Amino acid sequence: MPPFIPPLADPSKTVSALTSERALVSFPVESLTQFLHGEYLEPQRRIRAQLEQDPVFSNADKPFLSREKMYVRSLEKAAKLVEMKKRNQWSEEDMMLAMRMLGDSTPQFLHEALFIPTLKTQLSDEQQKIWLPKAENYEIFGCYAQTELAHGSNLRKLETTATFIPETDEFEINTPTINSMKWWPGALAQSSTHCAIYARLILHGKDYGVHPFLLQIRAPGTHAPMAGIELGNLGNKIGFNTIDNGFLRVHNVRIPRSQMMMRNSKVTREGKYEPAKNAKMNYSTMVAIRANIVRNAGFALGQALTIAIRYSMVRLQGGDRIPSQKGEEVKIIDHGMQRFRLTTSLALSYAMLMTGRVMNEMHRRNLKNVIQGEVGLMAEVHATSSGLKALTSDLATAHMEDARRACGGHGYSWCGGIVDILTTTLQDVTVEGENTILHLQTSRWLLKTILAALKTKDLTAVPAGLRSALQGNNVLDQERATIVPGQPISGETLIAAFWHREARVLQEVVTRILKDGAGEEAMAKSQVRMVELSRTHGEGMLVRNFYEAIAKEEQTIVSKGQDSSKGYLPVLKMLAELHSIHRLLEQAGDFTEDGYVSRRQIVWCRERRDELIDGLRYEIIGLVDAYDLSDNQLNSAIGRYDGRVYESLYEWAKYGMSIMEKGSQGGVLGFDEVLKDVFAEGRRINGVAAPKL
């Protein structure tokens with residue numbers, strides 16, 4: 001097995017640049033780490049320590065492996081996790097934490113995060129008694145088969161069928177056309193024995209829409225495809241290549257009626273259909289994944305920024321022509337543009353983490369309700385998770401790519417670490433719903449809520465910050481931002497600005513839709529502005545949730561008799577102000593077109609942003625260290641905690657050469673296979689004798 005991060009001589013050594021940077025941080029980093037991770041910090045560290053005692057969990061070899069070898073290595077890690085789960089009696093939550101601590105992805109994630117939760121939310125209590133122990137003890141391995149070759153986000157148009165056969169009390173599963181084959185499910189191609197397959201329920205010739213079923217796809221013992229099952233691997237992707245995404249065709253495969261998942265909808269022995277209270281209950285797993293993506297976007301961006309910021313404090317470049325530098329190069333973090341890029345991205349990462357907390361709490365409450373048959377929160381959770389998933393995955397990946405570019409040539413290398421983090425996270429832009437479609441789902445929910453309120457004259461269901469948009473045409477025109485040039489901009493002022501922006505966009509969209517008849521065609525005509533509405537809604541949530549998290553933490557600190565003006569809280573307040581101002585400036589036109597923010601106020605916002613970035617200069621190393629990421633999780637030569645960038649790049653390259661595949665004669669790969677003949681032909685043409693061996 002490979003070593004953890006190719007080892008360097010004198011492992012206790014840290015470069016002086018990072019030591020001096022950490023000495024300038026104004027707050028105890030450990031206290032901020034505890035705030036970020038809360039109750040999960042202790043189990044995360046305990047589990048990570050257990051993992052990093054076993055070399056099977058090293059990620060050092062990953063930059064040099066083929067896709068096939070990466071897949072096998074990921075299975076080795078998965079198998080060891082199963083062994084450790086049983087030996088250490090890990091809970092379900094412990095297992096999820098362990099997978100997050102790996103710094104790598106395994107097919108097991110699809111089993112633990114999608115398949116098992118689907119069994120828990122979709123199987124009846126009686127069905128769970130049969131199937132949950134099999135899944136939890138790895139007698140079976142499952143995936144989530146919903147997306148088809150020709151349909152992804154539009155679930156209503158899925159074509160896979162499950163036809164009830166009353167004579168035998170079975171369902172017959174079919175993917176009747178090439179368009180209907182399941183396409184993209186992770187862990188489907190090679191790993192899984194079973195899948196939760198979503199298919200159209202056909203009873204007595206009538207189509208009752210899409211429902212979940214449990215389908216066995218591989219035989220025990222041999223792992224060969226079952227009769228009527230065709231499976232395949234989709235090959236290389238941009239990233240996430242440790243996961244075997246695949247396709248599935250099903251031809252006349254019979255399953256017992258008891259393998260329809262019947263917690264919500266049911267089919268009796270007589271073929272009678274009993275519908276769910278809410279059809280969206282069948283998609284609770286998908287909603288859960290969207291909710292997790294919001295939080296994960298913040299941490300994935302945090303990983304990339306940890307690498308980029310540490311590297312920027314070690315790398316020296318330019319500045320030697322500035323007289324005050326006396327011919328010495330400067331740290332690239334001290335170049336204004338580098339600091340601007342990384343600090344504004346860092347503020348975004350923290351904002352997403354705070355909103356991820358809110359989203360996960362909403363999901364937990366909703367999941368508890370769904371299991372008990374209550375669906376009151378479902379529409380709001382579905383809509384909120386959709387828009388936030390779209391917004392945060394777009395923003396996170398864009399800022400991760402910018403962080404990669406900020407690292408220059410070493411950022412382009414897989415050993416730099418950001419490439420793997422970015423290409424793995426890029427899937428979040430597409431999985432569980434294409435982002436434009438998700439934005440439209442969020443705005444449709446908002447508009448339906450608003451249109452219903454207009455009809456009934458009851459605004460209680462409308463978010464408080466949006467009610468002004470419905471109270472007369474002149475209300476928004478009379479509002480003005482309370483930004484005072486020369487003074488810090490308060491959270492209340494910035495929150496109000498984002499509410500105003502959202503209300504303005506909402507008012508425009510509602511006016512146009514009502515003008516066009518308020519139906520589906522009217523909404524179709526307004527799609528561009530509807531996407532903007534969802535984005536403004538999500539960005540407002542990022543701002544509000546950041547400030548609300550700080551206010552809540554301040555109350556906690558004060559309640560303990562501690563001084564909230566010291567420690568990490570003042571730094572978080574600066575970060576929240578920076579995030580909000582930067583987002584405002586990024587879409588300044590939305591705030592100035594109706595005169596809400598003046599040109600003079602915009603000028604001050606730019607100046608204040610620069611002040612905050614400068615004020616955070618010696619805090620940012622502490623802010624990234626607080627993410628509490630191990631070197632194995634980052635898997636980066638340039639983002640190491642000790643800052644030994646150049647030694648690590650050299651040792652990692654040598655390690656890679658040591659495990660590379662050799663040529664057919666034991667020499668350099670490619671020479672005996674190809675280059676030998678090319679060079680020989682060149683010598684022949686030039687009349688040069690062959691070299692003596």
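Please keep in mind that the model is predicted.

Let's start with the overall count: there are 12 aromatic pairs in the structure. The one I'd like to show you joins phenylalanine 35 and tyrosine 568, with ring centres 5.7 Å apart. Their planes meet at 25 degrees, and under 30 degrees counts as stacked, so this pair is stacked. Where do the two partners sit in the chain? Phenylalanine 35 belongs to helix α2, residues 29-37, while tyrosine 568 is in the loop between α17 (527-559) and α18 (569-586).

Now over to phenylalanine 299 and tyrosine 627, which make an edge-to-face pair. Here the centres are 6.2 Å apart and the planes are at 65 degrees. Phenylalanine 299 lies in helix α8, residues 284-314, and tyrosine 627 is in the loop between α21 (620-625) and α22 (631-634). The pair therefore ties together parts 328 residues apart in sequence. Both of these residues are buried.

There is also a cluster to look at: Phe164, Phe171 and Phe213 form one aromatic group.

Finally, some charges over rings. Coming back to phenylalanine 35, its ring has the charged end of arginine 357 over it, 4.5 Å from the centre. Likewise, the charged end of arginine 544 sits over the ring of tryptophan 499, at 3.8 Å from the ring centre.

How values were computed. Residues are numbered from 1 along each chain as its sequence is written. This is a predicted model: local features need pLDDT of at least 70, side-chain atom pairs count only at pLDDT 80 or more; totals for chains, interfaces and linings use all residues. Side-chain values use heavy atoms; hydrogens and water are left out. Rings of Phe, Tyr and Trp (its six-membered ring) pair if their centres lie within 6.5 Å; planes under 30 degrees apart count as stacked, over 60 as edge-to-face and the rest as tilted. Helices (H or I, at least four residues) and strands (E, at least two) are DSSP runs, numbered from the N terminus. Buried means under 20% relative accessible area, exposed over 50%, partly exposed in between (1.4 Å probe, protein chains only). A charge sits over a ring if NZ of Lys or CZ of Arg is within 6 Å of the ring centre and within 35 degrees of the ring normal.
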